[in-house]
Amino acid sequence: APKGVLLTGVPGCGKSLLAKAIGSAWQLPLVRLDVGRVFGMYIGMSEENLRGALRTAEAVAPSILWVDEIEKGFGRSGEGDGGTSSRIFATFLTWMQEKAKPVFVIATANDIEGLPPELLRKGRFDEIFFVDLPTRRERVDIFRLHMGKRLKHPDVVGALKVTDEALGKLAEITEGFIGAEIEQVVISALFEAFAES
């Protein structure tokens with residue numbers, strides 16, 4: 001059975017959305033592990049919190065365990081925490097290596113440079129994918145999606161002709177934009193259009 005994937009790349013380009021899409025496409029429960037919430041104030045509490053979260057993912061198996069921004073929880077920091085980060089990381093690695101239940105792990109990271117090499121070695125994840133800035137064609141699709149989602153009133157749809165040429169022009173002038181920025185462009189344009197009636 002596949003073990004999982006690590007999605008890395010530019011922040012705001014859809015890594016988290018991709019994790020949700022995989023869960024939806026596979027029709028499996030998607031369990032989000034917030035590593036920051038695992039850490040407890042008492043000795044041993046953090047490890048037990050992680051074990052509890054992993055037990056939950058296994059209890060609903062087959063499932064997907066989504067570890068969002070994994071570098072924030074399992075990065076190379078942790079000096080001065082009494083070794084808690086190291087123990088949490090070791091517990092997670094051991095679970096990944098020895099899990100018997102069908103739990104597919106999707107980890108997202110904005111910067112894999114801060115991740116320990118033992119997490120990135122072959123065998124931990126089936127593949128590591130880089131999610132880059134959207135291409136021109138993808139920017140057209142992103143504009144079309146966000147405009148279609150927000151421009152629903154019949155008067156507006158009838159008065160506004162969103163042509164492929166107009167979308168192409170928008171895609172050209174937004175080269176280097178991430179998907180989240182394109183969404184904000186659409187929202188800002190709607191506010192301006194509303195203000196100008």
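Which residues have the most contacts inside the largest nonpolar core? The legends below, which describe a predicted model, take up this question in the opening view.

**View A. The largest nonpolar core.** This core has 25 residues, and those with the most contacts inside it are Leu33, Leu65, Val67, Ile70, Phe92, Trp95 and Leu119. Two or more residues each are given to this core by strand E2 (30-33), helix H2 (35-38), helix H3 (45-59), strand E3 (63-67), helix H4 (70-74), helix H5 (84-98) and strand E4. Among these elements, H5 gives the most, with six residues. In soluble globular proteins, nonpolar side chains tend to be buried together.

**View B. The surroundings of phenylalanine 92.** When residues up to four places away in sequence are not counted, phenylalanine 92 touches Leu33, Leu50, Leu54, Leu65, Val67, Ile70, Phe74 and Val105.

**View C. The aromatic pair of tryptophan 26 and phenylalanine 104.** The structure holds two aromatic pairs. In the pair shown here, the ring centres of tryptophan 26 and phenylalanine 104 are 4.9 Å apart and the ring planes stand at 65°, so the pair is edge-to-face. The pair links distant parts of the chain, with tryptophan 26 in helix H1 (residues 15-26) and phenylalanine 104 in strand E4 (residues 103-109), 78 residues apart. Tryptophan 26 counts as partly exposed because its relative accessibility is 43%, whereas phenylalanine 104, at 9% relative accessibility, counts as buried.

**View D. Charged side chains over tryptophan rings.** Arginine 32 lies over the face of tryptophan 66, at 5.5 Å from the ring centre. Lysine 99 lies over the face of tryptophan 95, at 5.8 Å from the ring centre; tryptophan 95 is also one of the residues with the most contacts inside the largest nonpolar core.

View E. Strand E1 (residues 4-9) is mostly covered, as six of its six residues are buried. In a regular strand the side chains alternate between the two faces of the sheet. From E1, Gly4, Leu6 and Thr8 point one way while Val5, Leu7 and Gly9 point the other way, and all are buried. Five bridges join E1 to E4, and these strands run parallel; within this pairing, threonine 8 has alanine 109 in E4 as its bridge partner. E1 also pairs with strand E5 (residues 127-131) in the parallel sense, over five bridges, and here the bridge partner of valine 5 is glutamate 127 in E5.

Key. Residues numbered from 1 in each chain as written. Predicted model: local features only at pLDDT ≥ 70, side-chain atom pairs only at ≥ 80, totals over all residues. Heavy atoms only, no water. Phe/Tyr/Trp six-rings, centres within 6.5 Å; stacked < 30°, edge-to-face > 60°. Helix = DSSP H or I, 4+ residues; strand = E, 2+ residues; numbered from the N terminus. Buried < 20%, exposed > 50% of the residue type's maximum accessible area, 1.4 Å probe, protein only. Lys NZ or Arg CZ within 6 Å of the ring centre and 35° of its normal. Core = buried A, V, L, I, M, F, W, Y, C linked by side-chain atoms within 4.5 Å. Contact = heavy atoms within 4.5 Å. Pairing = 2+ DSSP bridges.
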